[in-house]
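Please look at the sequence and the 3D view first.

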Amino acid sequence: MSKYALDRELKPLAFLKPPVCGPLLPFINYALALMPKGLKGRALKCRKLKAEGFGGEKLPVLLMEPEGLSEPAPCLLYFHGGGFVMRAAKNHFALLADYAEAAPCKAIFLDYRLAPKHRYPVPPEDCFSAYKWLLENAEALCVDSSRIALGGDSAGGCLALSAALMARDRGLRSPALLLLVYPAADAEMRTPSMREFEDTPMWNARLNREMWRWYLGNEADKKESYASPLCSEDFSGLPAAYIETAEFDCLRDEGAALAEALRDAGVRAELNETKGTVHGYDVMRKAAIVKENVGRRASALRRAFYGEGA
């Protein structure tokens, strides 16, 4: 029996840990690339496009558009989790479709380049470049450039925050919202939850340590704010944020520290500290606690896109 008091519907996750192992990564990513995206039967129109990535690289994107959406429409640009090294899983696409339908908004899924082949700074620069591409092509895509949110889970949350910092520092229009689901934010792994959760299901401090080793080129990168956003000395000028944490997750305290740092800088930050949960718990899509918190994420998007009464 797991020593962690998981929500009743999440108990099947109690003994699961992702098979993240360096030699296996090519095979894992090959299998993930072949998996269906789980979008059949959704009231969405999907288009495959190419975005401008770092250094002029053309990156695949998937644009999801709900039926009947008024244009120019708000848009969520999303960066998936996976420890900076794994491709998106079926659940990432399904959740993004949920956000697109519930907000409602257009949603763009970016296939950014992965470590260890493409270490920092390539992934966050890809994400920033995709945001710049979206702003420049908003009219052609029937997107309202004043209503673009950046979002991501886990490593993707880190990339969304890094892209927002870059946009602020490089003079681009600020996103309307940061949607950060159990984000990674501190390469130095200094928090109490990081010391406590060495063996948690789904993700833990041991895997997290490997993640940063794969992602960063050298030790000095740990203090770079675009690599490790909690090292930033200035959070002012960033967009409002929705930050969600899981109770039994080594990344839990990083999310809380990030919310506090944003608020101290005068940035509105909603912190949703979910209980009885682990990192990646939303893979159990039918569980009541997942439906509740996916709804809270969608509500944050609606408020950012349509106003407080939405």
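Two strands pair if DSSP finds at least two bridges between them. Helices (H or I, at least four residues) and strands (E, at least two) are DSSP runs, numbered from the N terminus.

## Ground rules

This is a predicted model: local features need pLDDT of at least 70, side-chain atom pairs count only at pLDDT 80 or more, and totals for chains, interfaces and linings use all residues. Residues are numbered from 1 along each chain as its sequence is written, and side-chain values use heavy atoms, with hydrogens and water left out.

## The sheet

Eight strands make an open sheet. Their order is S1-S2-S4-S3-S5-S6-S7-S8, and the pairing is mixed. Strand S1 (44-52) and strand S8 (269-273) stand at the edges. Each has a single partner strand, so one side of each is left without a neighbour in the sheet. Neighbouring strands are turned by 20 degrees against each other on average, direction ignored. Here axes are lines fitted to C-alpha atoms, for helices over the stretch in contact, and angles run from 0 to 180 degrees between N-to-C directions.

Strand S7 (residues 241-245) pairs with S8 in the parallel sense, over five bridges. Ile 243 has Leu 271 in S8 as its bridge partner. S5 and S6 also pair in the parallel sense, over five bridges. Ala 149 stands opposite Leu 177 in S6.

## Strand S6 and the residue after it

How many residues of strand S6 (residues 177-181) are buried? Five of the five are buried, so S6 is largely enclosed by the rest of the structure. Buried means under 20% relative accessible area, exposed over 50%, and partly exposed in between (1.4 Å probe, protein chains only). In a regular strand the side chains alternate between the two faces of the sheet. Both faces of S6 are covered. Leu 177, Leu 179 and Val 181 are buried on one side, and Leu 178 and Leu 180 on the other.

Tyr 182 lies in the loop between S6 and helix H5 (192-196). Its phi is positive, about 30 degrees, although Tyr 182 is not a glycine. Tyr 182 counts as buried, at 4% relative accessibility.

Gly 152 belongs to strand S5 (residues 143-153). Gly 152 is buried, with a relative accessible area of 0%. Gly 152 and Ala 88 are 64 residues apart in sequence, and their C-alpha atoms are 11 Å apart in space. Ser 154 sits in the loop between S5 and H4. Ser 154 has a positive phi near 55 degrees and is a residue other than glycine. At 5% relative accessibility, Ser 154 is buried too.

Helix H4 (residues 155-169) has 15 residues. The expected span of a helix is 1.5 Å times one less than its number of residues. For H4 that gives 21 Å, and its end C-alpha atoms are 21 Å apart, which agrees. H4 is mostly covered, with 13 of its 15 residues buried. Just after H4, Gly 171 takes a positive phi of about 80 degrees.

## Helix H2

H2 has 13 residues. From first C-alpha to last, H2 reaches 19 Å, close to the 18 Å expected. H2 is mostly covered: 10 of its 13 residues are buried. Among them are His 92, Phe 93, Leu 95 and Tyr 99.

## Two cis peptide bonds

Where does Pro 116 lie? Pro 116 is in the loop between strand S4 (106-110) and helix H3 (122-136). A cis peptide bond joins Ala 115 and Pro 116, with omega about 0 degrees. Pro 121 also lies in the loop between S4 and H3. The bond from Tyr 120 to Pro 121 is cis, with omega near 15 degrees.

## The second largest pocket

On a 1 Å grid over the protein atoms alone, a cavity is a set of points where a 1.4 Å probe fits but cannot get out, and a pocket is an open set with protein on both sides within 12 Å along at least five of seven lines; lining residues have an atom within 4 Å of a point. The second largest pocket has a volume of about 330 Å³. Grid points are joined across faces, edges and corners, and a volume is the space filled by probe spheres set on the points.

The second largest pocket is lined by 19 residues. Lys 37, Pro 60, Arg 87, Phe 93 and Asp 111 lie nearest its centre. Helix H1 (25-34), S1, strand S2 (58-66) and helix H2 (90-102) each supply at least two lining residues. By class, the lining has 12 nonpolar, one polar and six charged residues. Ala, Val, Leu, Ile, Met, Phe, Trp, Tyr, Cys and Pro count as nonpolar, Asp, Glu, Lys and Arg as charged, and the others, Gly among them, as polar.
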